[in-house]
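The following exercises concern one protein chain. Each sets a task and then works through the solution step by step.

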Amino acid sequence: MVREDFFKMVHDQFQVEPDCPFEGYFVSTVFRRPDNLKWFAIVLTVDAQKLGIGAFGDLDIVNLKISPEDREKFRYYENVLPAYHMSKKHWISIVLDEQEDFDEQLIDLTRKSFLLTAPAAKRRKDSSKAV
């Protein structure tokens, strides 16, 4: 999923518009929950060398909040990296590219990030529904 497709998916799934709070400094876009304005996704354009993956040029990545279980599950995926400029304990970076084989996981991880950034009372209510 490329950057534009990710933006469309977020809009379709969550009815959230992109926000560019750092305009002029670097290419970044955040997506905030409407109820508490917390970020659940941050899309950045980063020099690949800063990510330490041996590639060159600029790459689009998305940072998502993640549960410890999912962080462990996805740690060996090639396109999933420790979070860039975020807490590596609670966030991951995912390279956005044209490979479609990771799209469903990306959509699922974005939904989970949306839930993990919900107000505490809402997280408790949603988790009790899942049981």
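**Exercise 1. Classify the exposure of Glu72 and of its salt-bridge partner.**

Step 1. Glu72 has a relative accessibility of 46% and therefore counts as partly exposed, where buried means under 20% relative accessible area, exposed over 50%, and partly exposed in between (1.4 Å probe, protein chains only). The model is a predicted one: local features need pLDDT of at least 70, side-chain atom pairs count only at pLDDT 80 or more, and totals for chains, interfaces and linings use all residues. Residues are numbered from 1 along each chain as its sequence is written, and side-chain values use heavy atoms, with hydrogens and water left out.

Step 2. The partner of Glu72 is Arg75, and their side chains form a salt bridge with an N to O distance of 2.9 Å. A salt bridge requires a side-chain nitrogen of Lys or Arg within 4 Å of a carboxyl oxygen of Asp or Glu.

Step 3. Arg75, at a relative accessible area of 45%, is partly exposed.

**Exercise 2. Characterise the aromatic pairs of Phe6 with Phe31 and of Phe74 with Phe102.**

Step 1. Rings of Phe, Tyr and Trp (its six-membered ring) pair if their centres lie within 6.5 Å; planes under 30 degrees apart count as stacked, over 60 as edge-to-face and the rest as tilted. By this rule the count comes to 9 aromatic pairs.

Step 2. The ring centres of Phe6 and Phe31 are 6.0 Å apart and the planes stand at 75°, so this pair is edge-to-face. Phe6 is in helix H1 (residues 3–14) and Phe31 in strand E1 (residues 28–32), so the pair ties together parts that are 25 residues apart in sequence. Phe6 and Phe31 are both buried.

Step 3. Phe74 and Phe102 also form an edge-to-face pair, at 5.9 Å centre to centre and 85° between the planes. Phe74 lies in helix H3 (residues 68–74), while Phe102 lies in the loop between strand E5 (91–96) and helix H4 (103–116); the pair therefore ties together parts that are 28 residues apart in sequence. Phe74 is buried at a relative accessible area of 3%, and Phe102 is buried at 7% relative accessibility.

Step 4. One aromatic cluster is formed by Phe6, Phe7, Phe14, Phe31, Phe40 and Phe114.

**Exercise 3. Identify which residues have the most contacts inside the largest nonpolar core, and which elements supply it.**

Step 1. A nonpolar core is a set of buried Ala, Val, Leu, Ile, Met, Phe, Trp, Tyr and Cys residues joined through side-chain atoms within 4.5 Å. In soluble globular proteins, nonpolar side chains tend to be buried together.

Step 2. The largest nonpolar core has 23 residues, and those with the most contacts inside it are Phe6, Val62, Ile94 and Leu106. At least two residues of this core come from each of H1, strand E2 (39–47), strand E3 (58–65), E5 and H4.

Step 3. Another core, of 13 residues, lies apart from the largest one; Val30, Ala48, Leu59 and Trp91 are among its members.

**Exercise 4. State what the overall fold consists of.**

Step 1. The protein contains 5 helices and 5 strands, following the pattern α-β-β-α-β-α-β-β-α-α along the sequence.

Step 2. Of its 131 residues, 38% are buried.

How values were computed:
Helices (H or I, at least four residues) and strands (E, at least two) are DSSP runs, numbered from the N terminus.
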